[in-house]
Amino acid sequence: MAHQTPLGSSASHVSCLDLWREKNDQLVRQAKVAQDSSLPLRRQQLAQDALEGLRGLLCSLQGLPATVSVLPLELTVICNFITLRANLAQGFTEDLAQDIQQGLERVLETQGQLEARLEHELWGLWDAALRVSSLLPELLPALHHLAGLQAALWLTTNRFGDLTLLLQTLTVSQSSASEDMLLLLKSWRPPTEESDAPLTLQNARGLRDVLLTAFAYRQGLQELITGSLPKALSSLHEAASGLCPRSLLVQVYTALGTCLRKMGSPQRALLYLVAALKEGSTWGPPLLEASRLYQQLGNIAAEIESLELLVEALSITRIPEAHQLLIEVELLLPRPDPASPLHCGTQSQAKYLLASRCLQTGRAVDAAEHYLDLLALLLDGSEPKFSPPPCPPGPCVPELFLEAAAALIQAGRAQDALTVCEELLSRTSFLLPKRPRLWEDARRRTKESPHCSPWVSATHLLQGQAWVQLGAQKEAISEYSRCLELLFWATPKDKEQGPASICEQGCTSDMALQQLQTAALISRGLEWVALGQDTKALQDFLLSVQMCPGNQDASYHLLQTLRRLDRRDEATALWRRLEAQTELPQENTARSLPLYLETCLGWICPPDRETLREEFQTSGDL
């Protein structure tokens, strides 16, 4: 009869350890085969099977009392399991922290330190386990590997205090007292694994390099947002020189371009943007930043071209690249923040940016076409693709209509502008009260009414300008009068309605309402002038000056009207006031106004202001 080895004997123990190790190595190889597969379904199935295999192996190992001889393998299996699970889930979850905690408890169990299990903070377990490892150096490689996964988890959950303490403990150098995370990560030297060590999906050194790149990028981007530009430049350079995949390198180079542009080095910034475009197919962020750079340089043609390419780039549906079955840098980064300078938004948002810049830079024909494209997306009803631009800097949907109408008028397409205005009125006019005395009831009944009035007023202003372009002066005057009537009842500040949105604050601010009223008065006054009714024009110009005393356009129109009516004394007094104003620094209020209103104000500027000044300066009446 053959001699049977008891299960608890040394020979049996060694045999089981070999089997467990071979099972781990087999599962790691299976995961790597899955990683190389070009078939998504087969890749997913192989990886999932490997994960379940590691889960079963871990249950077998943890079903026995913890021993120092088996623990390096057990910790390695835990690391492989966490790595594969986090990759398949594309993120770290709280239950992965429980796997880490269980591994640390097993380390303490070998030394009989069960009381450490009562520690509520995970950091307490780490502190105790790392003290134990000084007595058991064979555990160090696996513990450092597990520490790398803990660092990844704490980085993604922004637990920087715990992460700093962990790195200080792991770092055996003069930098251990430092709180500089980049310095600590660069100083961390995980022990080299033995040649006969169990196979790992990703070793501790590779994980350290991923952590270093991810943290450098996160820190650099945060410093860029807060304005610490020299620090941001240093951190981003660190990220670019690390284990940076091509998809992330596009973001890093773009951020470096943004940083250098803000630091006043546009040519160096451009070099990084070109490098970003060469690195991959993710062209959105560098193209958006290129448009900002060219805008700063005053190169309008290049700016518009960059925005056109941005719209095209965002229209392309890209097939996502297959992730490696590892902890990758992108896995440790937060979700894209709309406030980030690297956020390029949706195709429709880029289209709006292109349209608005065309309108601002005098390319009215192009602007009109881009705005009509946006309105078509908005009105066809099947629009999952259209998303109104964020506010700020984008407009609310009513302002999108108003800007479109202004662009059409600027492009000489008055009839199309009237159609856009009618569409907007059909969507907003029902919110307005029918009679002024019902205003208070309407305000209480619908929150939108106080903010709707300026939009409807502006629509009538634009309709008036469209009728002017069509040569219908009476219709134009009627629209200007309706605009002024509605503005009389507009309330810029309404405490009963609660705080307004940022967009509503912009369109109902005191300044915007004042400038809108001024534009309507001057526009109506100009039509009275065209009809030869200077007395009526004088009344509108006087009101516009009273409404906005610092508006020189209103004052010059008033001055011309006073001259035509031969009211020389009043004209002279007004001229002297104008001359005194020109010696003072003028406030540029246009940038704080909605774009459609900026455009309207451009239409009422006196074309012959300088000629008028020369005439008064040489006149003998002064």
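In the predicted model, helix α3 passes α6 in a left-handed crossing, that is, one in which the near helix is turned anticlockwise from the far one by less than a right angle, clockwise being right-handed. Local features need pLDDT of at least 70 and side-chain atom pairs count only at pLDDT 80 or more, whereas totals for chains, interfaces and linings use all residues. Residues are numbered from 1 along each chain as its sequence is written, and side-chain values use heavy atoms, without hydrogens and water.

Helices α3 (residues 71-89) and α6 (residues 140-156) pack with their axes 9 Å apart, at an angle of about 25 degrees. Axes are lines fitted to C-alpha atoms, for helices over the stretch in contact, and angles between N-to-C directions run from 0 to 180 degrees. The two helices α3 and α6 are therefore roughly parallel (under 35 degrees; over 145 is roughly antiparallel, 65 to 115 roughly perpendicular and the rest oblique). From α3, Pro72, Leu75, Thr76, Ile78, Cys79, Ile82 and Thr83 meet Ala142, Leu143, His145, Leu146 and Leu149 of α6, contact meaning heavy atoms within 4.5 Å. The contact of α3 with α6 comprises 9 nonpolar, 3 polar and no charged residues; Ala, Val, Leu, Ile, Met, Phe, Trp, Tyr, Cys and Pro count as nonpolar, Asp, Glu, Lys and Arg as charged, and the others, Gly among them, as polar.

Helix α14 (residues 300-315) crosses α15 (residues 347-360) at roughly 160 degrees, the axes coming within 8 Å. This makes α14 roughly antiparallel to α15. The crossing of α14 and α15 is left-handed. Residues of α14 in the contact include Glu303, Glu308 and Ser315, and those of α15 include Gln347, Lys351 and Arg357. By class, the contact of α14 with α15 has 9 nonpolar, 2 polar and 4 charged residues.

For α16 (residues 364-379) and α17 (residues 397-410), the axes come within 8 Å and cross at roughly 145 degrees. The crossing of α16 and α17 is likewise left-handed. Among the contact residues are Tyr371 and Leu375 of α16 and Phe401 and Glu403 of α17. The contact of α16 with α17 divides into 15 nonpolar, 1 polar and 1 charged residues.

The structure holds 1 cavity of 30 Å³ or more. A cavity is a set of points, on a 1 Å grid over the protein atoms alone, where a 1.4 Å probe fits but cannot get out; lining residues have an atom within 4 Å of a point. The largest cavity contains about 40 Å³ of space, the volume being that filled by probe spheres set on the points, which are joined across faces, edges and corners. Its lining consists of Leu461, Gln465, Ala519, Ser523, Cys600, Trp603 and Ile604. At least two lining residues come from each of α20 (449-469), α23 (510-530) and α27 (595-603), helices being DSSP runs (H or I, at least four residues) numbered from the N terminus.

Note on methods
1 Å grid on protein atoms, 1.4 Å probe; cavity = no way out; pocket = protein on both sides within 12 Å on 5 of 7 lines; lining within 4 Å.
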